Amino acid sequence: MATGTTSAGLRAACAGVAGLASLGLSLAASTFVSPSSLQAAPGTVRHASFNDARWGDALADTLALDLLGHNDAAADAGSLYTVERAIGARSVWQQRDSASRQITGKGVTVALLDSGTAPVSGLDAPGKLAFGPDLSIEANGVLTDRDTFGHGTHLAGIIAGRDAATLTDKTIAGLSPAVQLGVAPDAGLLSLKLATTDGSTDVSQVIAALNWVTEHQTSYDGSRVRVVNLSFGTDSVQSYQLDPLAAAAENAWRHGLVVVVSGGNEGLSAGRLTDPAIDPYVLAVGASDAKNSLTGWAVPNVAPFSSGGSWQRHVDLLAPGASIVSLRDPGSFIDTYHPEGRVAGDTTGRLFRGSGTSQAAAVVSGAAALLLQAYPNLTPDQVKAALVGTATPVLASPLYAGAGQLNVAAALASVRLSQSKLLGGLLKPPAQSFPVSTGQGSLDAARGGDSLVDADGVALTGEIDVQGNPWNAAAWWAASSQLRSWNGGDWMGATWTGPGWASSTDDLDSARWSDADWASARWSSARWSSARWSSARWSDADWASARWSSARWSSARWSSARWSDASWD
């Protein structure tokens with residue numbers, strides 16, 4: 001947990017309850033009581049293994065101030081400007097694809113399976129952001145699609161944020177470092193909300209989302225999802241070949257999606273990645289650390305929070321993940337309860353810092369989108385081989401650093417050479433051949449010991465999904481492997497969301513999937529407060545943010561196209 005006294009935590013809780021109450025929600029005060037409490041109250045959240053988390057980075061803020069006390073992105077080791085220069089993304093932008101377009105992610109959609117995405121400035125341009133089904137428990141109330149946690153918005157800014165700017169090979173080098181541009185600024189984003197206000201979700205919701213994206217790769221406008229970012233992990237200890245979460249991620253990979261996952265924030269001595277990073281097919285990412293030095297990315301360290309692995313499975317590569325500056329989600333949970341880290345000197349109020357393998361994974365997702373614009377026919381295995389094979393070596397064991405730190409410019413050059421007329425017909429495309437996961441193990445074991453707790457204090461455990469439906473591993477694998485686990489808004493025979501893309505006559509900017517309420521009284525909006533959240537989590541280790549703003553939920557702010565309604569009978 002973040003350090004601080006219990007009384008301070010309770011004061012923070014009380015300050016935030018009023019804002020949440022205006023939304024029809026409540027957070028029990030015991031949510032913020034010391035974890036030494038003997039018993040968690042119903043509807044509380046307990047970060048049992050967050051003792052190694054850091055919140056805020058005062059040194060990074062101080063080092064990035066100019067003489068007027070303003071944040072200078074060019075002097076900030078964690079700014080997107082600095083990070084993108086370090087990994088070669090900005091040099092890639094100055095190159096062109098076969099259609100003579102700047103390579104900035106055009107035509108590639110990245111699915112972000114997270115806590116939702118807020119259409120803040122930088123993510124609000126027409127066509128930038130679409131919303132898939134909201135599979136979180138908050139879909140049963142007034143908070144559908146809204147990023148109440150704040151994690152997803154931060155990652156979205158890293159992947160594909162875009163301020164208004166002209167991006168050509170003549171203008172890119174002269175852009176102000178303060179212009180917020182993600183690694184793939186012209187990529188599209190498809191947001192699926194899985195987590196609630198405190199970051200809670202169940203592994204069955206993540207599996208359902210992976211299945212949905214795998215079976216809905218063509219979006220409402222004909223664009224195609226090519227990359228999936230999943231900055232989430234559990235402490236499952238069963239084999240990846242048995243684990244259903246690993247199987248769902250691998251199934252997406254086998255059906256053409258580059259699945260980028262965070263390796264975990266358990267530290268270098270962890271000895272095991274989180275699930276589904278344990279699956280060797282997916283692209284598992286650890287975090288590198290520049291130690292707040294502008295030149296630090298050239299000779300990076302492995303971030304101390306990044307999970308070390310084993311010789312059987314460790315991260316594939318590293319990407320910058322320490323003190324990364326991205327877009328703030330005003331009024332979200334993180335924004336509310338971690339005000340200590342608003343980027344000092346940020347005159348716009350738009351920015352805050354986060355550190356973790358979540359942020360590192362987002363950097364790699366953007367890099368994958370760049371490669372796929374340049375060479376749309378690349379397979380996931382080819383994308384992985386290019387990124388891993390050209391990583392910059394790091395002075396650390398592969399157990400911690402994998403192949404080294406991401407270098408997307410080198411990866412593009414490698415792909416270009418392999419696709420050239422000289423070598424294209426001589427080189428055999430890389431293909432992974434690990435044993436296949438079929439997910440026939442335990443759903444409860446995939447939770448890794450973490451359980452949601454409903455308003456009556458009953459934990460969600462056993463071989464049932466979040467709606468209480470029995471888990472049939474054989475039936476699930478037969479359906480998902482053949483791309484038929486979803487039928488309209490039904491997943492494995494139970495209604496989870498609406499039947500299709502919602503129609504809109506309002507000329508609004510964001511397309512949305514239709515919604516529906518769950519039939520289960522267990523998670524009805526009238527009884528839902530919050531869910532307990534243990535070590536299974538969105539993989540953030542270090543957040544900095546800003547104060548609560550009740551204006552966050554004004555009706556004018558959420559003017560995107562509406563979901564169509566449906567009943568869950």
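User: In strand 14, which residue is the bridge partner of Trp486?

Analyst: Trp491 is the partner of Trp486 in this predicted model.

User: What makes strand 13 and strand 14 a pair?

Analyst: Pairing needs at least two bridges between the strands. Strand 13 and strand 14 (residues 490–491) are joined by 2 bridges. They therefore meet the cut-off of at least two. The two strands run antiparallel.

User: Why do strand 13 and strand 15 count as edges?

Analyst: The open sheet has 3 strands in the order 13-14-15, with antiparallel pairing. Strand 13 (486–487) and strand 15 (494–495) each have a single partner strand, so one side of each lacks a neighbour in the sheet.

User: Why is Asp145 called buried?

Analyst: Buried means under 20% relative accessible area. Asp145 has 1%, so the term buried applies. Asp145 sits in the loop between strand 3 (129–131) and helix 5 (151–160). Its phi is near 75°, a positive value in a residue other than glycine.

User: What is omega for the bond from Asp275 to Pro276, and what is the bond called?

Analyst: Omega is near 20°, and the bond is cis. Most peptide bonds are trans. Pro276 lies in the loop between strand 7 (258–262) and strand 8 (283–289).

Conventions: Residues are numbered from 1 along each chain as its sequence is written. This is a predicted model: local features need pLDDT of at least 70, side-chain atom pairs count only at pLDDT 80 or more; totals for chains, interfaces and linings use all residues. Side-chain values use heavy atoms; hydrogens and water are left out. Helices (H or I, at least four residues) and strands (E, at least two) are DSSP runs, numbered from the N terminus. Buried means under 20% relative accessible area, exposed over 50%, partly exposed in between (1.4 Å probe, protein chains only).
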